Amino acid sequence: MDTNIIKDKKLFIFDMDGTIYLGGIPFDFAIEFIKNLRKNGKKVLFFTNNASHTSPFYLQKLTRLGYEPTPDEIMTSGDVTFEFLNRYRAGKSVYMVATDELIEEYKAKGINVLNGAVENPQNADIVITGFDTTLTYEKLNIACRLIRNGAEYLSTHPDFNCPTEDGFIPDSGAIAALVTASTGKVPTYFGKPYKETIEMIGEATGFDNSEMCIFGDRLYTDIALGKNFGVCSVLVLSGETQQADVDAAEEKDKPDFTFDSLANVNQLMFG
């Protein structure tokens, strides 16, 4: 496939962890690439599946790391999950296995979030699990009890591991796998690569899928979003996925393009 296709895109969507930074360490070449995109009239959107933090947190982090974002350039799987609740589950009671940061944001936005231990497990309509870096056995036990008693099970995103500067740490998909092993229930996932995400991106930006290009380090989230919905997909090998994973993947799951990092894409587009 001709790499010039990338140059013609109008909206450039960037995964965060493993794509533009690792933990608290930014990739200087990513900062340069994004600056060049803006100079040339391209639009930028930062989208992370990492819902352990909220969009305001990422606004501060990306600003600190040198990416100069605006609030409307940031979106998370937590935002997509909230939008689903707001539109289709209004008024339902929700038990969340999530960080206090995400829980407090949902409460502030009007979601009926149950507090602490649930005395009567049948009271919750919905259970949401996410990337909970404050995870406890009590939270897991309550979530599983609620799900066994009929609560609808949702998860913010399916990522198994989160890449950091010190290696991988268990992510939302790993927590969901534990709950599924105990209850037999598989959650409805949000974030990448699901349709609610690409629909929200389209609504928020006004761009058609054919005008977008997504950059990420995971085949089963970032690249799958592109492959599933006609968005140009670019894999970078600076995070979770290695070249051997690409080689082993089925043809339908392979990215449109693979580069070692965004430095190569910057060179391709801007010399």
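Colleague: Which element gives the most to the lining of the largest pocket?

Modeller: The general idea is that rolling a probe the size of a water molecule over the atoms shows where empty space is left. On a 1 Å grid over the protein atoms alone, a pocket is an open set of points where a 1.4 Å probe fits, with protein on both sides within 12 Å along at least five of seven lines, while a cavity is a set from which the probe cannot get out; lining residues have an atom within 4 Å of a point. Here S4 gives the most to the lining of the largest pocket, three residues. S4, strand S5 (74-76) and H8 are the elements that give two or more, with strands (E, at least two residues) and helices (H or I, at least four) being DSSP runs numbered from the N terminus. This is a predicted model, where local features need pLDDT of at least 70, side-chain atom pairs count only at pLDDT 80 or more, and totals for chains, interfaces and linings use all residues. Residues are numbered from 1 along each chain as its sequence is written, and side-chain values use heavy atoms, leaving out hydrogens and water.

Colleague: What is the volume of the largest pocket?

Modeller: About 250 Å³, taken as the space filled by probe spheres set on grid points joined across faces, edges and corners. Of its 13 lining residues, Val44, Asp72, Glu73, Ala204 and Thr205 are the closest to the centre.

Colleague: On to ring pairs. How is a pair described?

Modeller: By the distance of the centres and the angle of the planes. Rings of Phe, Tyr and Trp (its six-membered ring) pair if their centres lie within 6.5 Å; planes under 30 degrees apart count as stacked, over 60 as edge-to-face and the rest as tilted. There are 14 aromatic pairs in this structure. Take Phe14 and Phe46: the centres are 6.3 Å apart and the planes at 35°, so this pair is tilted. Phe14 sits in strand S1 and Phe46 in strand S4, so the pair ties together parts 32 residues apart in sequence.

Colleague: Is Phe14 buried or exposed?

Modeller: Buried, at a relative accessible area of 0%; the cut-offs are under 20% for buried, over 50% for exposed and partly exposed in between (1.4 Å probe, protein chains only). Phe46 is buried too, at 0%.
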